Amino acid sequence: MKVIIVGGVAGGASCAARLRRLDEKAEIMMVERGPYVSYANCGLPYHVGGVIENESSLLVASETLFRERFAVDVRTGCEAIAISPKEKKVKLRSVKTGEVTEHAYDKLVLSPGAASIRPPLPGIDLPGIFQVRTVPDARQIKEWIEARRAGGRPMRAVVVGGGFIGLEMAENLVHLGVGVTLVEMAGQVLPPVDEEFARLVKDRLESHGVRLALGDGVAAFEEAGNGAIDVRTKSGKAHRGDLVILALGVRSDTALAKAAGLQIGERGGIRVDDQMSTSDPDIFAVGDAVEVRDFVTGEWSLVALAGPANRQGRIAADVIAGRNSRFRGTQGTAIVGLFGAAIAWTGVSEKTLKSLGDSDYEKIYIYPSSHAGYYPGARPIAMKVLYRKSDGRLLGAQAFGEDNVDKRISALAVALQMGATIHDLEEAELCYAPQFGSAKDPVNFAGMVAANAMSGDMPLIHWDAAKTGFLLDVREPGELAADPMPRALNIPVGQLRGRLGELPRDHAIHVFCRSGQRAYLAVRILLQHGFEARNISGGMLSYATVDQTVKQSD
Ligand code: FAD
């Protein structure tokens, strides 16, 4: 059996290695247009920032290793330019010599990835405008910065695009002492997360000196003298940089597949089934180039992440080798580091649920410590967990903090893929010693809070609806001065039992404290004394990130 794999990085390389392990006899050829196979594009921003010092560290597995250890016929600097599905042949062209050769296959695997979006705006080809996709891209950015640094003047950069690559580049440029302005067309950074979590990210970026220009798209790039570039936005503003990083997202590379007549999906990726088979049964496709089912919503989606690409490459190899492996769909689990903090998420966001018209969900906000508060170094984690109102099934989670955010979202991601409910989170048995977690880990805590809400032990409400009701603040008076809440009646939770007479019996009482924990006790007291009471999820901590429109009702 002859298998040709197009693309030699995440999906392609993982497919080649797996296939060799399963089939010693297969003839495997892996063609890669660029100069390297199996390089760590995820590490590129950190190489630019000097965290990963040597370029060679980015080369995870070499061409030689693939040849010697896996007996794969690797061809770098070699581009697949056409497929004839009927004849089962691929045309390859040498990037160096232009020589074209034709090769027959029994199975073909496409893992061509995605191309960085480069809109045809005036000035887009000016020197000093870079994308971050390949090792040579990172090298060019480093050389550009070093050459200008030699002049001794402070440098400025404009990063266009507030997705995870834009944020990672912003952080790494700041590490290098470069002043950064980040321009983003949407009203928030990181489109996959909900607005209130994007606000936490925005605050973090700003507190480290990144200037943000949100809600303003780029219109043109203009020469500004001395080698500088003005990034002109639609609102007419100009942001000056000595270099510009384009991080506007990616577009699935479907050129070969389209020309070969393979089915392309509604989102613009190659359409595959759960065995990574395209509309031609002898052609497989994996990675950034394909559309996959969203694990939670079942909708087709494009997810450009390394984990799914690697798993899909492996599944394609399994299927080619005669095994019955299937891809489960993607949850979009991801994490981004931000100046010592991190934001991570898995599953569906609230805005996606809203856009689908899905109202059978509830959300909770919690702010647990990353580990036992009495052990040094504990940091708060802001978490939002979404679950089905009707059956408690976990739908998605987002978390932001400085310590062990990844651990919590990774645990929730596994739970979500296993179809867990909030009751499973309550019962999850997780690692605990004081320096690592709490006897009630944040993951347990999320389950317990949600289960209390679901059972009616602790009816929940959120700030957008709560502001119109009777507000009861159960914090201590000392806390109010630093963080006041107009219109709320303050009765510290310790005095509540003795002051019930001050509360209305004909209105629902919306209770809050700093994070929701004391308000939970207050709600329990009130319910058992016959009041209608609800806990405002996340208390003052979630209020800090709610929409301005909610705050304006003060
Ligand atoms: P790629 O890994 O991009 O490989 C595709 C290869 O195919 C390319 O090398 C290309 O040259 C080659 N190719 C294309 N067409 C042809 C052709 N016709 N002939 C021959 N070769 C061809 N994901 C994460 O999960 N976490 C991260 O932290 C993260 N960070 C990232 C940071 C950066 C800067 C970038 C660019 C990406 C990052 N990603 C991250 C995304 C992740 O790298 C991709 O999702 C993953 O590499 C996709 O794998 P793939 O095999 O589909 O495509």
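**Close-up views of a predicted model**

View 1. The largest nonpolar core holds 49 residues, of which M30, F66, L108, L110 and M276 touch the most other members. A nonpolar core here is a set of buried Ala, Val, Leu, Ile, Met, Phe, Trp, Tyr and Cys residues joined through side-chain atoms within 4.5 Å. Buried means under 20% relative accessible area, exposed over 50%, and partly exposed in between (1.4 Å probe, protein chains only). F66 touches A13, A16, A17, M30, V37, S38, A61, A71, V72 and V74, leaving out residues up to four places away in sequence; contact means heavy atoms within 4.5 Å. A second, separate core has 47 residues, including L58, L167, L173 and I343. In soluble globular proteins, nonpolar side chains tend to be buried together.

The model is predicted: local features need pLDDT of at least 70, side-chain atom pairs count only at pLDDT 80 or more, and totals for chains, interfaces and linings use all residues. Residues are numbered from 1 along each chain as its sequence is written, and side-chain values use heavy atoms, with hydrogens and water left out.

**View 2. S116 in strand β8.** Strand β8 spans residues 114–116 and contains S116. (Helices, H or I of at least four residues, and strands, E of at least two, are DSSP runs numbered from the N terminus.) S116 is buried, at a relative accessible area of 18%. Beyond its neighbours within four places in sequence, S116 contacts Q131, R133, G249 and V250.

**View 3. The second largest pocket.** On a 1 Å grid over the protein atoms alone, a pocket is an open set of points with protein on both sides within 12 Å along at least five of seven lines, while a cavity is a set where a 1.4 Å probe fits but cannot get out; lining residues have an atom within 4 Å of a point. The pocket lining numbers 37 residues, with I366, Y367, P368, I381 and S515 nearest the pocket centre. Elements giving two or more residues to this lining include α6 (195–207), β24 (361–366) and β25 (381–388). Helix α12 gives the most, 5 residues. By class, the lining has 20 nonpolar, 11 polar and 6 charged residues.

**View 4. The largest cavity.** The whole structure has 1 cavity of 30 Å³ or more. The largest cavity holds about 40 Å³ of space. Its lining consists of P192, V193, W345, T346, G347, V348, S349, G396, A397 and Q398. Strands β23 (341–347) and β26 each give two or more of these residues.

Technical notes:
Ala, Val, Leu, Ile, Met, Phe, Trp, Tyr, Cys and Pro count as nonpolar, Asp, Glu, Lys and Arg as charged, and the others, Gly among them, as polar. Grid points are joined across faces, edges and corners, and a volume is the space filled by probe spheres set on the points.
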